[in-house]
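I opened my notebook for another model today. Here is what I looked up, entry by entry.

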Amino acid sequence: MNAVLAHLGVSLRLHFRNRMALLYGYLFPLIFLVAFWVLYRHEKIPLLRHMGELLTVAALGGACFGLPTTLVSERERGVWRRYKLSPVPTWAFVASTVVARYLIILTAGLLQLGLALAIGMTFPEHPLSLFVAFTFVAFAFIGLGLVIAALADNVPAVQALGQCIFLPMLIIGGVAVQLAALPAWAQHVSAFFPGRYAVEAIQGAFTGRGLAGARFSLLALALVGFAGCLAGARLFRWDAQQRFANLRGRAWLLVAVAAWVAVGLIAEARGRIAIPVDKEVSPPASQPAPAPAPAPAPTTPLATAPAPVAPAPVAPVATTPATTPAPRPLTPPPPAPPEPAWAKLTRADAEALDYQVPPDNGIVSPFAAPDEEPEDFMKEQVDGVRNKIATWPPGSDGDDLRCIRNLLYIAAVPDAIQMPVERYLPRVVYNHLIDTYPKEKLIKILTYIAQTPEQGMVITDISDLGIEGAAGDPMVVRERAYLYAIKMVARLTGRKQE
Amino acid sequence: MSAHVVVRDLHKAYGGVAAVRGVSFTIQPGEIFGLLGPNGAGKTTTVECLVGLREPDSGEIEVCGLDARRQPRAVKQKIGVALQATSLQDKITPREALRLFGSFYEGRVAATELLERFALAEKADAPVDSLSGGQRQRLALALAFVNRPQLVFLDEPTTGLDPQSRRELHAAIARMKADGHTVLFTTHYLDEAEHLCDRVAIIDRGRIVASGPPQELIAQSSASQAVTLVTSRPVDATKLTALPGVSAVTTDGAEIRFQTSHATATLAALTSLLTAQRAEVVELQVKKASLEDVFLQLTQEAKA
């Protein structure tokens, strides 16, 4: 036990003396965090919906690169050969190495979490679940790191192998790019990568139901981790002269691979390929949200976060156009309905909105000037929307709040997809709104939408208006609709002169 | 007292290529034993089998009275090993390394004591990558002593060191003998083996071709003495080969070199020959054969 503790202590001390290890282990996760913050700076609570991805990247980097780089470079230097000369068994060195790496990854995660909290993220909904989920994630990736260390004959090979696993996991494994934004085939592929389950398990602790909603993910991570540790320990090499190609028992590698395949197949069999409900939805609201008391106005991302949105009362996502609009009430009308919440809003509420929105000529929420004409190849699309918008059912059937919110999605969806036509459609929507609704009513409803961006259904597909392509992440569409609501209020109230 | 190391009929092959073929030797307590051989001869494989880094294919190894193949961990408690390279992380300090490796053993020597003994106290808290070659090698030696070993293995401890560091290390090895330690060491430098070892074994192509005290090996060798002769006028070299005990005659102008196994008889006959050829002796040097000569002779014989 003394040997394990001594080795653990030295491993940690040496880690903190290695500048490159600190760079990869601590600075890179923070750079990722800042990059995500910049990318999603307009979200109501900064980074809250991305901590699963960010903490997974931190764990993946520390385990996929940090652990095998340390192990292989020490093996190349003969350190492990020297360890083998001692009476301490292999498992003790491997155990202390694994524990040291876990502590390193855990501190990197805590640093990331601390910075996220410092820039305005709210405290995780389930902190204990977060700790447990992160531990499972670290365990799974440490197993992977041990396998990489066993496979790689030298440090450059660690980098090559690590990238082969790291990059696909980031891009199509649901780690850096959200699953909702991936095509169907990639979502199937992601089921075979532990990164997906890592993100799900951790994110569940922030915006989901904690461990209760992540049982499968935790099981998958445990299986992948156990198989990786087993294969990594069986394939462990003391001596740099021993090459993997000549190693006895190479078949143990199949154990690690089999775990990934098994997890993917089970996920396929259990129909877990689609994005888990837990990730996007909290209470099963079935209709556009009732009008609650107006929420505090959204603040800038740097300011203190407003009332918790996690788990936000988010309505289900409409991935297809609303083709069955709510029927208009027939005569005789029911007794006078209660006054909607937006009706109580005043100009002061509109003035209180946060108008620090991206510029009209930027990438996020662009807004063409009144005299700006689309280029020829886009004219047909813009004209198509202009002609159909008045009769588009989601924008014309139902109560005014729902219609206006849906009309905003005509601007928000192309923006989320980053289509060339994105800057012209907001103008079409805006013109249609001022032609259809009284100005004061429009200001109130748009102000209300800007105050409650999480309410109502989301439309992510407006192909029936001739705009092909679906926005992957409904939350992005909500966010963009929120920005356009503010931009339109600014125009209606004269804050923005055109 | 029973032998500290007994090796019987050790065999080890890598992928069908035999590296060690029936090696046997013993090392007595308190003895400094040198294992010599050219690169690829099998000495490193033999040592690695002894210290538990490799599993032999067959043969018996007893270390400090224990069966090394069955009780490798118990054996490791009793031995100390200094590897050729420092084999430590760049940023670890000598004090940390000695404490860490000390924690691996039941009985250990305090790090400060070892730092003093191996003249590393001044560099106790400096990272290993800032130490000189000699300091690193002394650290490697100190690490071999963290567990108060009965038997110490030194794998080419002086390779790559400057003359001053080599001399310091020779003194350290001599101290080990004085302290009663049993030492097995491998080296490329035959002069230090001749100077330091009580006994040596010369290993070539996986077999031991000679073993015994260095002086005994030299005395037994046919290449026992080397003669260098410079004469006033050239001498017919072919006539030299006919002299008693002479072999390996080479000439370079007026300088003649040869080996002799009977120096007295050869010199008497040489005097007569030079007189007959009216050649005067300008320079005559007779040097006893070194272990290197023995080594070269034995390993070349094995090749022939």
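This is a predicted model: local features need pLDDT of at least 70, side-chain atom pairs count only at pLDDT 80 or more; totals for chains, interfaces and linings use all residues.

Val230(B) stands opposite Glu255(B), which belongs to β13(B).

Next I looked at the strands around that pair. β11 (residues 225-231) and β13 (residues 255-260) of chain B run antiparallel and are joined by six bridges.

A second sheet of chain B came next. I read its order as β2-β1-β4-β5, again four strands in an open sheet with antiparallel pairing. Here β2 (17-27) and β5 (66-67) of chain B are the edge strands, and each pairs on one side only. I found eight bridges between β1 (residues 5-14) of chain B and β2(B), and the two run antiparallel. For one residue I wanted the partner by name: Val7(B) has Phe25(B) in β2(B) as its bridge partner. What packs on this sheet? I found helix α1 (residues 43-51) of chain B there, touching β1, β2 and β4 (58-63) of chain B. The direction of α1 makes about 115° with that of β1(B).

Then I moved to chain A for a helix pair. Helix α16 (residues 400-417) and helix α17 (residues 425-436) of chain A pack at an angle of about 165°, and their axes are 8 Å apart. Angles over 145 degrees count as roughly antiparallel, so α16(A) is roughly antiparallel to α17(A). I put the crossing of α16(A) past α17(A) down as right-handed. From α16(A), the residues that meet α17(A) are Ile404(A), Leu407(A), Leu408(A), Ile410(A), Ala411(A) and Pro414(A). On the α17(A) side I listed Leu425(A), Pro426(A), Val429(A), His432(A) and Leu433(A). My tally for this contact of α16(A) with α17(A) is ten nonpolar residues, one polar and no charged.

My last entry is on the two chains together. I have 24 residues of chain A in contact with 28 residues of chain B. Between them the chains bury about 2,400 Å², with 57% of it on carbon and sulfur atoms. Which residues of chain A lose the most area to chain B? I wrote down Arg82(A), Leu85(A) and Pro87(A), together 33% of what that side buries.

Terms used:
Residues are numbered from 1 along each chain as its sequence is written. Chains are lettered from A and ligands numbered from 1 in the order in which they are written. Side-chain values use heavy atoms; hydrogens and water are left out. Two strands pair if DSSP finds at least two bridges between them. Axes are lines fitted to C-alpha atoms, for helices over the stretch in contact, and angles run from 0 to 180 degrees between N-to-C directions. Angles under 35 degrees count as roughly parallel, over 145 as roughly antiparallel, 65 to 115 as roughly perpendicular and the rest as oblique. A crossing is left-handed if the near helix is turned anticlockwise from the far one by less than a right angle, and right-handed if clockwise. Contact means heavy atoms within 4.5 Å. Ala, Val, Leu, Ile, Met, Phe, Trp, Tyr, Cys and Pro count as nonpolar, Asp, Glu, Lys and Arg as charged, and the others, Gly among them, as polar. Buried area is the accessible area (1.4 Å probe) that two parts lose on being put together, summed over both.
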